[in-house]
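I opened this entry to record what I looked up in the structure below. My notes follow in the order in which I made them.

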Amino acid sequence: MRNNYPYQHSNYGDYQGAMYPQQGNCGYPQSKPCGQLPPQYDPVKQNTSFTGQDVFVPVVHPSHTTNVYQKNYKYMHSFPHTESVVYQETHQHFCAPSCPPRTRPWC
């Protein structure tokens, strides 16, 4: 039962719902205001109306196959090696310290 209405317990007795003889069309007794009171508000009753709709979205999953035929060339590298021999002879000429300086061509 709501407790913020001034006529919850009136001088007509306890409120008896639809059996009360002087009810208004809202289910509460009619009253004659004897002063201005601030309005009393119930919490807002929230109603939700839901309408569903199925939406079909086509989803395409493409696929592709590439056939690869591979020819592999294997290059076989070889490194033949040859050798050669060189015999070198060198000549150096020195004047021995016991030899006097040349002053004549026959020395």
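**Burial and surface**

I first looked up burial: 5% of the 107 residues in the chain are buried, where buried means under 20% relative accessible area, exposed over 50% and partly exposed in between, with a 1.4 Å probe and protein chains only. I noted that this is a predicted model, in which local features need pLDDT of at least 70, side-chain atom pairs count only at pLDDT 80 or more, and totals for chains, interfaces and linings use all residues. Residues are numbered from 1 along each chain as its sequence is written, and side-chain values use heavy atoms, without hydrogens and water.

I then looked up Val55, which counts as exposed because its relative accessibility is 61%.

**Confidence**

I recorded a mean pLDDT of 76 for the chain, with 61% of its residues at 70 or more; pLDDT is the predictor's confidence in each residue, from 0 to 100. Over residues 14-18, pLDDT stays under 50. Where pLDDT is low, the predicted coordinates should not be read in detail.

Technical notes
Contact = heavy atoms within 4.5 Å.
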